Amino acid sequence: MRFAWIDLREVPRPQLQAVVDAAVHARMAGVVAADAELLGTLPPTVTRVLVSEGPAPAAVEKPAGKEAKGAADKESKSPSGNGSSPAATGIDVLLRKFGTQDELDALAAAHRTAGRTGGTGGTGGTPVSGFIDVRDDRTLQLSCAGAMVLPYTVIHFADPTKIPLEIVLAAAESAEGKLVTVVDGLEEAAIVFDVLERGSDGILFTPRSADDVFALARLLEATTPQLELSTLTVESIRHVGLGDRVCVDTCSHFEEDEGILVGSYSSGFVLCCSETHPLPYMPTRPFRVNAGALHSYTLGPDNRTSYLSEVGSGSALLAVGADGRTRRVVVGRAKLESRPLLEIRTHAEDGRLVSLTVQDDWHVRVLGPGGKVLNVTDLRPGDELLGYLAADKRHVGLPIGEFCKEV
């Protein structure tokens, strides 16, 4: 699960307390600071990450007897700078910068020792993690090595390209530790989470205000829902003549049992199949859905509908599978052309009418139960289709509780 750490080190002081309160209230995964006392005031529900500017602690074996007591006393000379160990001040992760292999080796050894003995290496048993600036091939390779041996590896990439992040993600695919990428804004955070489909495990973000924290929380919560699809029974099919239909070309490859939801009424939709399945005379276009007449509704993220006439380059829609799974897809292009049209009228188990008007041609398809692919020109009364019944009426695409009758 993706997560975010809030970096307090450069937050303007007048905004600091509000940002801290927002981070706790919004349930951010972690807070990063150079002030151990500040971190010590935070609840244990937040991962408290202390940044230490000193050298990596030496990894030493825990001595026995009186020597152990003396060593423990030395450990209490805190790397946090306040005379107590990180564990004693409520620090969950100790973060140190590394830029050479020797420094990484010291961090890895200190982490192993702290985990084995629960208190050596000057960390009080606190997990030791690393921060690195990636600016060239040497530091890129070092970051890959760090991701393999540290519980957290925080990486700042000097250049805007995401290729170095892709390399680290690929190199650390089998790593147990977490990769945290420094981002300079919410837009970059969204991009970082999508790199190589997997994305960075977490991000490190410096907000300017509490509003930025809450905006980040909304980004982290942005998921597409699992839909409960319904079985629709075909009542009638009729040729209605010439009209304008829309092909939706997305920037994604549809699976064989995926399509988009389209309907003439906002209360019900039919699952229209993508052009993923072969037919004579034409190559497959697995990015395309021949969706329907331009007046039709289609369902997008956040339970919002759009008319097909409004869909265009950059629009976001829901790709929907026959099992109800969904994912966000981006439209690359929409093609509106005049074609003969076919009206398909169906009813749901509760008697609700669900209607769809599509191009009158056999290469236009809808999906039935189990992901069965059905050519629209072969449909007959009694055939079963997959669809979705919406509970809300709509105004400008938004759900609204008002009287509305569509016929």
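Guide: Start with Tyr281, whose relative accessibility is 80%. The model is a predicted one.

Visitor: Why is Tyr281 called exposed?

Guide: Exposed means over 50% relative accessible area. Tyr281 has 80%, so Tyr281 counts as exposed.

Visitor: Where does Tyr281 sit in the chain?

Guide: Tyr281 is in the loop between β11 (268-273) and β12 (288-293).

Visitor: What is the phi of Tyr281?

Guide: Tyr281 is not a glycine, yet its phi is positive, about 80 degrees. Most residues other than glycine have a negative phi.

Visitor: Which residues form the nonpolar patch on the surface?

Guide: Tyr281, Met282 and Trp362 form it. Together they have about 390 Å² of accessible area.

Visitor: Where is Arg27, and what is its phi?

Guide: Arg27 lies in the loop between α1 and β2 (30-33). Its phi is positive, about 60 degrees, although Arg27 is not a glycine.

Visitor: What makes Arg27 exposed?

Guide: The cut-off is over 50%. Arg27 reaches 70% relative accessibility, so Arg27 counts as exposed.

Visitor: How do you know that His25 is exposed?

Guide: His25 has a relative accessible area of 62%, which is over 50%, so His25 is exposed. His25 lies in helix α1 (residues 13-25).

Visitor: How far apart are His25 and Val213, in sequence and in space?

Guide: His25 and Val213 are 188 residues apart in sequence. In space, their C-alpha atoms are 9.7 Å apart.

Visitor: On to the rings. How many aromatic pairs does a search of the whole structure find?

Guide: The search finds five aromatic pairs. One of them is Phe3 with Tyr152, at 6.5 Å centre to centre and 80 degrees between the planes.

Visitor: Why is the pair of Phe3 and Tyr152 called edge-to-face?

Guide: Planes over 60 degrees apart count as edge-to-face. The planes of Phe3 and Tyr152 are 80 degrees apart, so this pair is edge-to-face.

Visitor: Which parts does the pair of Phe3 and Tyr152 tie together?

Guide: Phe3 lies in strand β1 (residues 3-7) and Tyr152 in strand β6 (residues 152-157), so the pair ties together parts that are 149 residues apart in sequence.

Visitor: Is Phe3 buried or exposed?

Guide: Phe3 has a relative accessible area of 14%. Buried means under 20%, so Phe3 is buried.

Visitor: Which residues do ring pairs link into a cluster?

Guide: Phe3, Trp5 and Tyr152.

Visitor: What makes Arg2 count as lying over the face of Phe193?

Guide: Arg2 is at 5.0 Å from the ring centre of Phe193.

Visitor: Now the charges. How many salt bridges are there?

Guide: The count comes to 16 salt bridges. Among them is Asp249 with Arg288.

Visitor: How do you know that Asp249 and Arg288 form a salt bridge?

Guide: A salt bridge needs the nitrogen within 4 Å of the carboxyl oxygen. For Asp249 and Arg288 the closest N and O atoms are 2.6 Å apart, so the pair qualifies. Asp249 lies in strand β9 (residues 230-250) and Arg288 in strand β12, so the pair ties together parts that are 39 residues apart in sequence.

Visitor: Are Asp249 and Arg288 buried or exposed?

Guide: Asp249 has a relative accessible area of 2%, under 20%, so Asp249 is buried. Arg288 has 9%, so Arg288 counts as buried too.

Visitor: Why does Glu343 with Arg345 count as a salt bridge?

Guide: Their closest N and O atoms are 3.6 Å apart, which is within 4 Å, so Glu343 and Arg345 qualify. Glu343 counts as buried at 10% relative accessibility. Arg345 is partly exposed, with 26%.

Visitor: Which residues do salt bridges join into one network?

Guide: Arg245, Lys335, Glu337 and Arg339, through salt bridges that share partners.

Methods. Residues numbered from 1 in each chain as written. Predicted model: local features only at pLDDT ≥ 70, side-chain atom pairs only at ≥ 80, totals over all residues. Heavy atoms only, no water. Phe/Tyr/Trp six-rings, centres within 6.5 Å; stacked < 30°, edge-to-face > 60°. Helix = DSSP H or I, 4+ residues; strand = E, 2+ residues; numbered from the N terminus. Buried < 20%, exposed > 50% of the residue type's maximum accessible area, 1.4 Å probe, protein only. Lys NZ or Arg CZ within 6 Å of the ring centre and 35° of its normal. Patch = residues over 30% accessible without salt bridge, like charges linked within 9 Å, V, L, I, M, F, W, Y side chains within 5 Å. Areas by Shrake-Rupley, 256 points an atom, 1.4 Å probe, with all protein chains shown as cover. Salt bridge = Lys/Arg side-chain N within 4 Å of Asp/Glu carboxyl O.
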